[in-house]
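Biologist: Please walk me through the labels on this model, and say what stands behind each one.

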Amino acid sequence: MDNLNNNYKIIISMLFSISYYAILCAYVNFTPNIDFKSVSYFSFGSILLVISQLIFNRVKITSIFYIFILTYIIFVFGRFFSVVFSDLLSLPMRVDNLKSLFSLLFMVNYQPTYEKITTIFLLTNGFVLFLFIGFLLSSTLYDKSEESNNNDIFDIAILKWAFYILFIFNFIKILKMIWLTYQQGYMALYASQSTGSFSIGTVHILFMVVFGLVTYKKSDYKSFLILFVIYSLLCGLTGARGGLVTGLLTSIYVYSKHNKVDVFKLIVMLVSTVLFMVLIFNLSSRAETSSVSSHGFIEKIIDFLYIQGNTLSIIGYSISGKVDYPPQAIYQAFLPLAFRIYILFHSNVEFYTANISAVTAYTANPEQYLAGYGLGSSIVSETFNIFAKTITTSLFISFFLGFFMGKAEAISKYNIIYWAALLSIIPNILFLSRSGYNDIFPALIYAVVFLYIIRFLFLLKNVIKKE
């Protein structure tokens, strides 16, 4: 009976979500001129609908999807939420027209056409709605009897020393980055980075894999989690908002695996994360050019949302047709070292075509890109550009991404390998609204390889021990 009731709830939520998206489509198609306040309130409504249906289906409040929604609000819907809050609180708005709401003024002056604005609006709202449908549907197809036989293979006594060594390595690296930021400013971090760094990136993935293995059991996780929180806070001191917010949200996710987290405790954790992020933002060099002129605390939060919501305009620029993404950048989005392999067989390959975000930034402004600036990317725009460049196909892909997210989370509760693999890319998943496939699939492939190497070594150790 419980399963039947749950299935009815899921069907109702799916119908609500699809119906709401149909309303958005009708609004765009049958309204002569949509306005910036209406699209902001409609987008605000999309998030409220998703959250209400997550509650209706009794999804755990620390589920990966709840946390993803928070980052989606900040980075994709930040401008919409800024307009809504400013309007409700009768505060000055950062924009007063539709085109300004969707325009990109950093690195390039991009003013989208009315047609592109409607595309961006439907794409960003539809993406989160169909991602939610896929996530919700995955729970009906998971059998809890899929228990793992791998959970006792890994020796935590050995793995903890591996974690400490990797933590020290990353700790030293972060201290160097903080010093570099202190001396030369935030942009020095990016100006000094080489494209496609193999060693640093793979060591970090290995660090996250081992972190996943040592935090699977409740008896072992606390000291490792504390060190990981310290590491995340230090990332924030470099001015890197991505590493900070995803690290702290990942910490909340790990904590919730072994502890009951009520709504009040979760709100305190999330508010603390956002406040620390606002603090770092205002202290970092990027704040100097952000035009933040407000003085009150509420105004600072609203300004913060608007500025971080710049991803909305980056999505618009990325799908505008002004950027041509070469095949090697697409390959790199899914396969590790794809760009390095590609240049072995092709000559005259430009260095900035190593990944999608680099192509976007270089096309927007070559001079600023070479100086270390960038626009980033988004899973929303990359899905659109890679798969047929239609909204319908994008929503279809977002459904499967949501299904994958939900399925992986469900299995990870009972399987240490899935838990470690998921945890190794959770920071990347949470930042997908501000990044792309290049941060997920190559990292996941590395993580799986590392996990099975570690598993093989422990199996070999057990065989030798028995002999």
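Modeller: Start with Asp303, which is buried, with a relative accessible area of 9%. Keep in mind that this is a predicted model.

Biologist: Why is Asp303 called buried?

Modeller: Buried means under 20% relative accessible area. Asp303 has 9%, so the label is buried.

Biologist: What makes the pair of Asp303 and Arg94 a salt bridge?

Modeller: The cut-off is 4 Å between a side-chain nitrogen of Lys or Arg and a carboxyl oxygen of Asp or Glu. For Asp303 and Arg94 the N to O value is 3.0 Å. That is within 4 Å, so the pair counts. Asp303 lies in helix H13 and Arg94 in the loop between H4 and H5, so the bridge ties together parts that are 209 residues apart in sequence.

Biologist: How many salt bridges does the rule give?

Modeller: The count comes to three. Asp87 and Lys37 form one of them, with the closest N and O atoms 3.2 Å apart. This pair links distant parts of the chain: Asp87 is in helix H4, Lys37 is in helix H2, and 50 residues separate them. Asp87 is partly exposed at 26%. Lys37 is partly exposed too, at 31%.

Biologist: What makes Asp155 and Lys461 a salt bridge?

Modeller: Their closest N and O atoms are 3.8 Å apart. The limit is 4 Å, so the pair passes. Asp155 sits in the loop between helix H6 and helix H7, Lys461 in helix H22, 306 residues apart. Asp155 is partly exposed, with 25% relative accessible area. Lys461 is partly exposed, with 30%.

Biologist: How do you know that H22 spans close to what is expected?

Modeller: Helix H22, residues 441-466, has 26 residues. From first C-alpha to last it reaches 37 Å, against 38 Å expected at 1.5 Å a residue.

Biologist: Which residues of H22 are buried?

Modeller: Pro442, Ala443, Leu444, Tyr446, Ala447, Phe450, Leu451, Ile454 and Phe458. As background, an α-helix has 3.6 residues a turn, so residues three or four places apart point the same way.

Biologist: Why is Thr250 called buried?

Modeller: Its relative accessibility is 0%, under the 20% cut-off, so Thr250 is buried. Thr250 belongs to helix H11, residues 241-258. Beyond residues up to four places away in sequence, Thr250 touches Phe228, Leu423, Ile426, Pro427 and Leu430.

Biologist: What about Ser320: buried or exposed?

Modeller: Buried, because 16% is under 20%. Ser320 is found in the loop between helix H14 and helix H15. Its side chain reaches the backbone nitrogen of Lys322 at 3.2 Å. Leaving aside neighbours within four places in sequence, Ser320 is in contact with Tyr110 and Lys116.

Biologist: Why is Asp96 called exposed?

Modeller: Exposed means over 50%, and Asp96 has 61%, so the label holds. Asp96 lies in the loop between H4 and helix H5. Its side chain makes a polar contact with the side chain of Asn97 at 2.8 Å. The cut-off for a polar contact is 3.5 Å, so 2.8 Å qualifies. Asp96 and Asp35 are 61 residues apart in sequence, yet 9.6 Å apart in space, C-alpha to C-alpha.

Biologist: Which residues form the nonpolar patch on the surface?

Modeller: Tyr41, Leu88, Leu89, Val263, Ile267, Val271, Leu275, Phe297 and Ile298, with about 820 Å² of accessible area together. Helix H12 and helix H13 each give two or more residues. The largest share, four residues, comes from H12.

Biologist: What makes Leu88 exposed?

Modeller: Leu88 has 54% relative accessibility, and exposed means over 50%, so Leu88 counts as exposed. Leu88 is found in helix H4, residues 78-88.

Biologist: And the whole protein: how many helices and strands?

Modeller: The protein has 22 helices and zero strands. Of its 467 residues, 54% count as buried. The accessible surface is about 21400 Å², with 65% belonging to carbon and sulfur atoms.

How values were computed. Residues numbered from 1 in each chain as written. Predicted model: local features only at pLDDT ≥ 70, side-chain atom pairs only at ≥ 80, totals over all residues. Heavy atoms only, no water. Patch = residues over 30% accessible without salt bridge, like charges linked within 9 Å, V, L, I, M, F, W, Y side chains within 5 Å. Areas by Shrake-Rupley, 256 points an atom, 1.4 Å probe, with all protein chains shown as cover. Buried < 20%, exposed > 50% of the residue type's maximum accessible area, 1.4 Å probe, protein only. Polar contact = N/O pair within 3.5 Å; in protein donor to acceptor, adjacent residues only side chain to side chain. Expected span 1.5 Å × (residues − 1). Contact = heavy atoms within 4.5 Å.
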